[in-house]
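Reader: Could you walk me through this structure? I am new to it.
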Amino acid sequence: MSSFLVSPGLLGLVDQVALVTGGATGVGRGSALQLARAGCHVAIADINEEAGVSTVEEIRALDRKALFIRADVRRRDEVRAMVGRVCAGLGGLDVAVNNVGNPLAYGSVLDFTEEQWDAVFALDLKTTLFCSQAAAVSMVERGVEGRIINVSSTSGVVGAPSIAAYGAAKAGVIHLTRTMALELAPYGIRVNCLVPGTHVTEQIQATLDSDGPMAGFLRASAAATPLQRLGDVLETGGVTVFLASKLSSYVTGQAVISDGGISLTTNRPPVSAIRPKALAHVEGGK
Ligand SMILES: NC(=O)c1ccc[n+]([C@@H]2O[C@H](COP(=O)([O-])OP(=O)(O)OC[C@H]3O[C@@H](n4cnc5c(N)ncnc54)[C@H](O)[C@@H]3O)[C@@H](O)[C@H]2O)c1
């Protein structure tokens, strides 16, 4: 029987240090703000300095320390320097949220070029390896029982028409999480995955407002979602807090889906119905 009891400090996050990559906007910003509300000091690493500094100011307004670090997490040297700057600037690193990612390339799997495939894997999977490696080494060196949270997508759990490379890379993020969880368990480091469905980021709100074809897809997604709406980034941020906190102290290697239930349904709309260019010379098909 565990001696763990619910108490006012039950999250165990007060004065802990968190790093959120891609935390300037979107899902990452939601995680950064919720971690700060839970008591963390937060470093934001991003290539968008203007938005990153604005998020840092929001966190400071919550009476937490915050730091902006300009880093392209596709570059291993910049990732190592980023972790060093978090430890130097905020006094350690307890929670690493590896959030950078984007579908980047849309189209039929039959038309994907090698360059597109490599670009998606570089942004969506290799960054997860670089960031989780650097965070884990730092945690082990300092004897910290840290938590690593990798961000995947429901497109990495169910089929992902029109975004095949992204789906494959995000499935890879879930698998990498499981392996890292096993390898890092002896050090007391927990590694888990946040798996969002569609959430209303600044970019997705702009797409909805534009009323173009992608807006139609997003509205269809909201209608097909059992909870009848898209997600709010503060909701995925809540899952991040759970995975970072003592509430999940016996949870490791897991993928926690936050998608209003859409991955359970059979009526998830495709991003678009694209006829493959590679089959343009063949009769029939849709
Ligand atoms: N928004 C969604 O609906 C949704 C759904 C499923 C999964 N996700 C996942 O959540 C994560 C965040 O997605 P989002 O929609 O909030 O994206 P976003 O584009 O709104 O934010 C991504 C942030 O990462 C930064 N960034 C991009 N490339 C970078 C790089 N090389 N180095 C450092 N920073 C970089 C951007 O400047 C931006 O601030 C991604 O991994 C994405 O795959 C999002």
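**The sheet and its helices**

Author: An open sheet of seven strands runs in the order β3-β2-β1-β4-β5-β6-β9, with parallel pairing. Strands (E, at least two residues) and helices (H or I, at least four) are DSSP runs numbered from the N terminus, and two strands pair if DSSP finds at least two bridges between them. This is a predicted model, in which local features need pLDDT of at least 70, side-chain atom pairs count only at pLDDT 80 or more, and totals for chains, interfaces and linings use all residues. Residues are numbered from 1 along each chain as its sequence is written.

Reader: What is the bridge partner of V97 in β5?

Author: The partner is I149. Four bridges join β4 (residues 95–98) to β5 (residues 147–151), and these strands run parallel.

Reader: Changing topic, how many helices and strands are in the protein?

Author: The protein has eight helices and nine strands. Its radius of gyration is 19 Å, close to the 19 Å that the globule rule gives for 286 residues, so it is as compact as a globular protein of that length. The radius is taken over C-alpha atoms, and the rule is 2.2 Å times the number of residues to the power 0.38.
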